[in-house]
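Thanks for passing this one along. Here are my notes, as numbered points, to read with the model open beside you.

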Amino acid sequence: MKILEQTDYRLRLRERPLLSWFMGGVFALVPTLMLSFFPVAEIHCQRQTLPYECIATTTSFVSQERVKIPLPLLRQAKLEDYIDSEGDRMYRVVLEIAGNSTILGVASSEPGDRAAMVQQINQFLANPNQTELSARVDDRWLIGIIAGVFFLVGMSFISFASVLTLDLDRGSGTLTILHANFFRRTQKELHLQDIKEVAIEELVDSNGDRFYRVVVHLTSGETVPLRQYYSSGYDSKKKLANLLRRFLYLPPL
């Protein structure tokens with residue numbers, strides 16, 4: 001909570017939802033980075049000009065691995081399966097090159113695209129009349145969907161989290177509570193003479209964790225929360241409540 005103005009006659013405070021903005025940024029950026037790092041596997045082969053060769057490429061945002069394979073040395077492609085450390089069956093494309101082997105791309109739990117690539121490569125090798133081959137495995141569409149969902153969630157955190165501004169003015173005799181986010185501004189005005197108490201409400205969830213919010217109790221019996229939601233951090237709530245109580249000539253909590 002930042003003090004914008006503090007005199008005997010006026011107190012203005014502002015609280016930015018930094019935690020919500022941070023969480024929104026994490027939700028929005030991390031999946032996007034995941035998408036950038038996820039590799040695309042490609043292989044291009046040709047019998048049109050000498051030397052006849054294949055170029056196998058694994059490309060991500062940060063790196064590119066490119067292997068030139070003389071076509072006479074490429075024996076076959078195969079779909080290799082194995083069990084990973086979590087017990088899941090994974091599939092990957094393996095190129096057998098003159099007694100050695102190299103892995104093309106990364107493994108996946110779904111064999112479909114990789115099996116199709118293996119079939120395309122082996123058909124090309126078996127058919128000397130086919131002069132060119134291009135095959136590609138790109139799993140980014142799935143990561144793209146996940147990244148899109150996380151990005152929307154993150155932007156929702158950022159866009160809907162409101163900045164809270166409190167303006168206590170003895171001249172007008174009012175407390176103005178202003179909430180503002182990217183889409184809307186809401187304002188509530190209370191008369192200082194109607195404020196009976198400034199308190200901290202506590203909420204205990206099913207796990208026993210405690211959350212708090214600052215509320216204003218009016219002489220009418222109405223309770224006005226400064227924020228609708230509860231959050232962790234009792235000390236910050238106590239500091240805010242005591243700033244308001246001091247201005248209203250109420251004893252500290």
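1. Let me begin with a charged pair. Arg 89 and Asp 81 join their side chains in a salt bridge, with 2.3 Å from N to O. Arg 89 counts as partly exposed because its relative accessibility is 41%. Asp 81 is partly exposed too, with a relative accessible area of 38%. Please keep in mind that this is a predicted model.

2. On confidence, the chain has a mean pLDDT of 90, and 98% of its residues reach 70 or more. Among the elements, helix α1 (residues 18–37) has the lowest mean pLDDT, at 78. Strand β15 (residues 223–225) has the highest, at 96.

3. How many salt bridges does a search of the whole structure find? The search returns 11.

4. Asp 138 joins Glu 42 and Arg 136 in a network of salt bridges. Is Arg 136 buried or partly exposed? Arg 136 is partly exposed, because its relative accessibility is 45%.

5. Another salt bridge to look at is formed by Arg 210 and Glu 202, whose closest N and O atoms are 2.8 Å apart. Arg 210 has a relative accessible area of 45%, so it is partly exposed. Glu 202, at 44% relative accessibility, also counts as partly exposed.

6. Next, have a look at Cys 45, which lies in strand β3 (residues 40–46). Why does Cys 45 count as buried? The reason is its relative accessibility of 2%, given that buried means under 20%. Leaving aside residues up to four places away in sequence, Cys 45 touches Glu 53, Cys 54, Phe 124, Thr 131, Glu 132 and Leu 133. The C-alpha atoms of Cys 45 and Ala 135 are separated by 9.1 Å, although the two residues are 90 apart along the chain.

7. Two or more lining residues come from each of α1, β14 (210–218) and α4 (234–247). By class, the lining of this pocket has 14 nonpolar, four polar and six charged residues.

8. The structure holds one cavity of 30 Å³ or more, and the volume of the largest cavity is about 60 Å³. Which residues line the largest cavity? They are Ala 56, Thr 57, Thr 58, Glu 65, Val 67, Thr 102, Ile 103 and Leu 104. Strands β4 (53–59), β5 (64–70) and β8 (100–108) each supply at least two of the lining residues. By class, the lining of the largest cavity divides into four nonpolar residues, three polar and one charged.

Note on methods: Residues are numbered from 1 along each chain as its sequence is written. This is a predicted model: local features need pLDDT of at least 70, side-chain atom pairs count only at pLDDT 80 or more; totals for chains, interfaces and linings use all residues. Side-chain values use heavy atoms; hydrogens and water are left out. pLDDT is the predictor's confidence in each residue, from 0 to 100. Helices (H or I, at least four residues) and strands (E, at least two) are DSSP runs, numbered from the N terminus. Ala, Val, Leu, Ile, Met, Phe, Trp, Tyr, Cys and Pro count as nonpolar, Asp, Glu, Lys and Arg as charged, and the others, Gly among them, as polar. Buried means under 20% relative accessible area, exposed over 50%, partly exposed in between (1.4 Å probe, protein chains only). Contact means heavy atoms within 4.5 Å. A salt bridge is a side-chain nitrogen of Lys or Arg within 4 Å of a carboxyl oxygen of Asp or Glu. On a 1 Å grid over the protein atoms alone, a cavity is a set of points where a 1.4 Å probe fits but cannot get out, and a pocket is an open set with protein on both sides within 12 Å along at least five of seven lines; lining residues have an atom within 4 Å of a point. Grid points are joined across faces, edges and corners, and a volume is the space filled by probe spheres set on the points.
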